[in-house]
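I'll jot down what I look up as I go.

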Amino acid sequence: MKVLKYILSVVATATLLAASASSHYKAAPYKVLSKSQQQPTVLYTNPFSGSDQSVLEIAVELEGLTGFRLAVDEKGAIKAQQVDLQFSRSGNLLVAATSPEALEAIDFGKGRVNTTPVLKNALRITEVAPMNIYAVRYTAGKQSVVIPEGLKGHVAMVGYTSVTKFSGRDAAFATGEDYPAFVIEGFSEKPALFTIIGGQDDPVVNEGMPGTEGIQGGFEGGQMIKLGDTYHMFPTERAGEEGMPAYYDRIKTRIGHWTSKDAIHWERQSTLYQSSGKYAVSHYDHPMNDRRAAIWSYMPIFNKEKNRWQGHYLAYTCDFDVAPNHSFGRIWRCESVVEGIEGIGGPYRDCGIVIEPGLDSQLWEGRQGVASFFPYQVGEKWYGFISGAYPYETKADYPFGGKPTKWYVGLAEADNLEGPFTRMKEINPITSIHPRFVENPIVSQLPNGLYIAVFDGGPEWLKLPNMIAYTLSKDGVNWSEAHYIPIDTKVKKWWHTMRTPLGLIPEGDNVYTIVYAAINNDMRFHPMGMVQVKLNPEVLEAIAAKL
């Protein structure tokens, strides 16, 4: 009986794979004779030249075809243009369009246009309305596609296929109009600084592994440092409490210290800090509240002047009734009891608060600010990324107001690592990186001296890229637009929501290791993953020349 079940299972799997393979439209060869660039029709591809727009979702039938880019103007409108093509055999040019009118305005020359979609709502592109797929029948030979001035709507060239019978299926993809465009490394016209060269197809720390005992909700945030041949990781452990619901995992937290020789196999060493998990008694920032109810984002840095490790971590008030539950973030400074590099594992003693909510807080910091902190040195000066969330529009919004779709960052400055740090109000918030979401940036320096900050690019449910991102700076104050790294193109995607990278660890030969926290919606426990990327020195120099 077991053998029969196994055979049936194998047959069923083979049938599904065959059905999936047969659902792809078979590509037919062709050449673009003009300047338009051919490219595979895959997830994340950029269908327009002169734009950062990209494919968010694509029907399975279209995967593996080869399309070509159309030029757009600075406003994202399709330019007037002629694209000359060479078809070696008869077939159908598949064109995505937001409306039949946009399709009909194009001169396809000798091509026969079928205004009935062969696929409905089958392509989703950032900042573009839902797109149907239409077939334009061509015979072999040279052909031209002429797009007129002032085209209403959008069209995209998906590929050329020998298929002649289409299902007309509705893929039912949502609109991409409210999803802002962003730069995806390796798919944008802009040169990629990083190439994904490897990583783990499964989490490196997951539920049930040694050291995870007593951690109900997994991990989020923190920092990783490599000393010699040993990696030291300081994640926030969403400890929660056995028998309590999942929401409590983000209230009762602790800071753990983990080590590894390869960034894959991890051993837990100790607990540095444990929060109380107590909820506030007042909705306001009242001294009767426990202001260390939740502890997050431990960031260690070696203080050369004091020959000790200095850590910074975030402590929240937690309000059960007011969103977000985390409120009034304060950044604590601590230092290792043991002198020297070997003191990284602690114990640590608290040395006071370096920045907190107060009369100098700005509206953009919102209910949750100060929501993170990372210090870094530029010359003799120290800067610190600070962040906020649920920003207020007016002072009257305090403490209940705030926009739940915005996570801003700004800068604070100090004369030394010990602080105090003062908000740089004249430049905050910093929106050059992304207009509404940057979370937990961690700063380091690249070989040519440029500063790089890696950060959480934001979840898809907020119409955000759902990828790890980076930004660059020459002076540590002015930061470039974000570029996003599509890890799932080279590593099996085990997560639904990508969260926070714990830093960028140089390994030599321009290779870097990233350990990151992410969320699998099918489980309460949030695991940790690992990926490696390689930096392109020529691209780095070209970027530096333009900053």
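**Charge over a ring.** I started with R292, which lies over the face of W332, at 4.6 Å from the ring centre. My rule here: NZ of Lys or CZ of Arg is within 6 Å of the ring centre and within 35 degrees of the ring normal.

**Ground rules.** I'm working on a predicted model, where local features need pLDDT of at least 70 and side-chain atom pairs count only at pLDDT 80 or more, while totals for chains, interfaces and linings use all residues. Residues are numbered from 1 along each chain as its sequence is written, and side-chain values use heavy atoms, with hydrogens and water left out.

**Salt bridges.** How many salt bridges does a search of the whole structure find? I get 31, taking a salt bridge as a side-chain nitrogen of Lys or Arg within 4 Å of a carboxyl oxygen of Asp or Glu.

I looked at R169 and E61, whose side chains meet at 2.7 Å, N to O. (Helices, H or I with at least four residues, and strands, E with at least two, are DSSP runs numbered from the N terminus.) Is E61 buried or exposed? E61 is buried, at 7% relative accessibility, whereas R169 is partly exposed at 34%. For me, buried is under 20% relative accessible area, exposed is over 50%, and partly exposed is in between (1.4 Å probe, protein chains only).

Next came E237 and R268, with a salt bridge of 2.9 Å, N to O. E237 sits in strand β17 (residues 230-237) and R268 in strand β19 (residues 267-274), 31 residues apart. E237 is buried, with 0% relative accessibility.

Then I checked R423 and D360, where the closest N and O atoms of the salt bridge are 3.1 Å apart. R423 belongs to strand β27 (residues 422-423) and D360 to the loop between β23 (348-355) and β24 (373-378), so parts 63 residues apart in sequence are tied together. R423 is buried at 6%, and D360 is partly exposed at 32%.

I also noted a network of salt bridges linking K306, R333, E335, R349 and E418.

**A sheet.** I traced an open sheet of 5 strands with mixed pairing, in the order β14-β31-β30-β29-β28. Strands count as paired if DSSP finds at least two bridges between them. Which strands stand at the edges? They are β14 (183-184) and β28 (439-445), each with a single partner strand, so one side of each has no neighbour in the sheet. Inside the order, β29 (residues 451-456) and β30 (residues 468-473) run antiparallel and are joined by 6 bridges. D456 has I468 in β30 as its bridge partner.

**Aromatic pairs.** Rings of Phe, Tyr and Trp (its six-membered ring) pair if their centres lie within 6.5 Å; planes under 30 degrees apart are stacked, over 60 edge-to-face, the rest tilted. That rule gives me 36 aromatic pairs. One of them is Y279 with F320, edge-to-face at 5.3 Å centre to centre and 90 degrees between the planes. Y279 is partly exposed at 25%, and F320 is partly exposed at 47%.

W494 and Y516 are stacked, at 6.1 Å centre to centre and 15 degrees between the planes. Both are buried.

Last entry: Y30, F68, F87, Y138 and Y160 form one aromatic cluster.
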